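Please examine the structure shown below with the following account at hand.

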Amino acid sequence: MLISLCMIAYNEQDALDGLFKDISLQDYPHDQIEIVFVDSMSTDRTYQKMEEFKNTGFGFEKVTIVQCAKKNQAFSWNCALMTARGDIIIRVDAHARIPRNFISRNVYNINLGEDVVGGGRPNITSDVSSWKLTLLAAEDSLFGSSVASYRRPPTQKEYLDSLFHAAYKREVIQTVGGFNEDLGRTEDNEFHYRIRQAGYKLCCCPDIISYQHSRNNLKDMIRQKYSNGKWIGLTLSECPGCLSYFHFAPFALVVILVLLSIFAMFGHPLLLYTLLIIYGMFDIVNTVGCFTMKNLQPQFIFLPIIFPILHISYGIGTIVGLINIPFWQKKISKSKSKQHIEKVKQKIAKNTIAK
């Protein structure tokens with residue numbers, strides 16, 4: 001059984017050394033693993049590091065590097081899928097770390113009869129400092145980031161709407177096709193929605209785990225939250241079924257804050273005060289929860305400020321996304337993304353026959 005481990009990257013030279021080491025140490029037979037790297041025309045040493053890995057080889061069945069001109073994540077992942085020849089295709093992010101048994105545990109669970117598998121994906125930070133650990137605490141908190149179940153290792157198998165660093169049986173990709181290249185940030189949501197609609201299940205397994213590097217400064221984290229929120233707003237017009245109510249919680253917070261502030265300006269501040277008190281209670285309770293963490297840092301005192309900054313950034317992003325729906329729909333009206341989804345199906349089928 002051939003396994004394809006796929007990774008895409010753009011200007012990720014600083015993140016690759018750790019991941020490449022993890023890949024080289026995988027305990028699954030290397031002669032049954034092909035590595036597929038996609039470089040989106042990086043301007044740093046990302047491509048050179050991929051070449052160095054390829055030249056070293058590490059005994060893998062094949063190491064392929066694909067360069068694509070577009071810096072669109074979905075387009076890059078489609079390039080990876082159309083290159084992969086494996087019976088199982090595993091997706092790993094460039095900002096990730098994986099344990100030695102990552103591939104073997106994914107293969108084991110697929111062989112138990114699952115179609116798509118993954119596991120918990122907690123956040124980690126590099127170059128540890130008090131401030132970075134504070135941002136990591138905010139990212140790890142349910143209040144500060146996301147309620148997505150895959151962010152925390154499960155205690156037993158459970159079926160979810162989405163997974164991170166997932167492994168797919170080849171037939172799943174052959175059935176649903178590739179990623180929707182019109183989307184950014186939410187391409188996973190839409191892709192997994194189509195997988196569920198096709199009758200497949202996404203299984204989160206307790207024996208599979210991987211790690212994702214969190215943003216190391218507040219500016220980048222704010223930019224990420226804003227972009228996430230913006231794509232949630234835009235995606236509502238393209239695939240409302242792939243979103244949940246939780247995605248719109250920051251949007252609702254910002255809208256209600258604005259409305260109640262207007263009421264307060266006209267002499268009715270009670271509702272605004274009530275909202276601020278309720279939010280403040282959640283803010284403090286979750287900050288106290290972070291203070292119970294093992295890596296307690298003095299800069300955790302800034303968490304009550306960081307939490308609302310992240311929420312408001314995400315909420316404003318969603319508002320901007322919703323406002324831009326008509327312009328975005330006009331922009332993608334002549335897009336060939338749907339044809340590319342079908343092209344992935346055809347290429348996957350062709351590669352299967354060629355094997």
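**Contacts and cores**

Apart from neighbours within four places in sequence, Ile-35 makes contact (heavy atoms within 4.5 Å) with Leu-5, Ile-23, Phe-53, Phe-60, Lys-62, Val-63 and Thr-64. This is a predicted model, in which local features need pLDDT of at least 70 and side-chain atom pairs count only at pLDDT 80 or more, whereas totals for chains, interfaces and linings use all residues. Residues are numbered from 1 along each chain as its sequence is written, and side-chain values use heavy atoms, with hydrogens and water left out.

Ile-35 is also one of the members with the most contacts to other members in the largest nonpolar core, a group of 32 residues in which Met-7, Ile-23, Phe-37, Ile-90 and Ile-103 share that standing. Such a core is a set of buried Ala, Val, Leu, Ile, Met, Phe, Trp, Tyr and Cys residues joined through side-chain atoms within 4.5 Å; buried means under 20% relative accessible area, with a 1.4 Å probe and protein chains only. Among the elements that each supply at least two residues of this core are strand E1 (3-9), helix H1 (13-24), strand E2 (33-39) and helix H4 (102-111). Helices (H or I, at least four residues) and strands (E, at least two) are DSSP runs, numbered from the N terminus. A second, separate core of 31 residues includes Val-116, Ala-166, Phe-191 and Leu-202.

Why is H4 largely enclosed by the rest of the structure? Seven of its 10 residues are buried, so the remainder of the structure largely encloses this helix. The buried positions are Phe-102, Ile-103, Ser-104, Asn-106, Val-107, Asn-109 and Ile-110. Their cover includes E1, E2, E4, strand E6 (116-120), strand E9 (167-169) and E10. After H4 comes Gly-113, with a positive phi near 115 degrees.

Elsewhere, three strands form an open sheet in the order E5-E11-E7, with mixed pairing. Strand E5 (96-97) and strand E7 (123-124) stand at the edges with a single partner strand each, so one side of each lacks a neighbour in the sheet. Two strands pair if DSSP finds at least two bridges between them. E7 and strand E11 (residues 211-213) run parallel and are joined by two bridges; Ile-124 has His-213 as its bridge partner in E11.

Finally, 14 residues line the second largest pocket, and Ala-137, Asp-140, Ser-141, Arg-152 and Met-293 lie nearest its centre. Helix H5 (130-140) and helix H10 (270-291) each supply at least two residues of this lining.

Methods. Buried means under 20% relative accessible area, exposed over 50%, partly exposed in between (1.4 Å probe, protein chains only). On a 1 Å grid over the protein atoms alone, a cavity is a set of points where a 1.4 Å probe fits but cannot get out, and a pocket is an open set with protein on both sides within 12 Å along at least five of seven lines; lining residues have an atom within 4 Å of a point.
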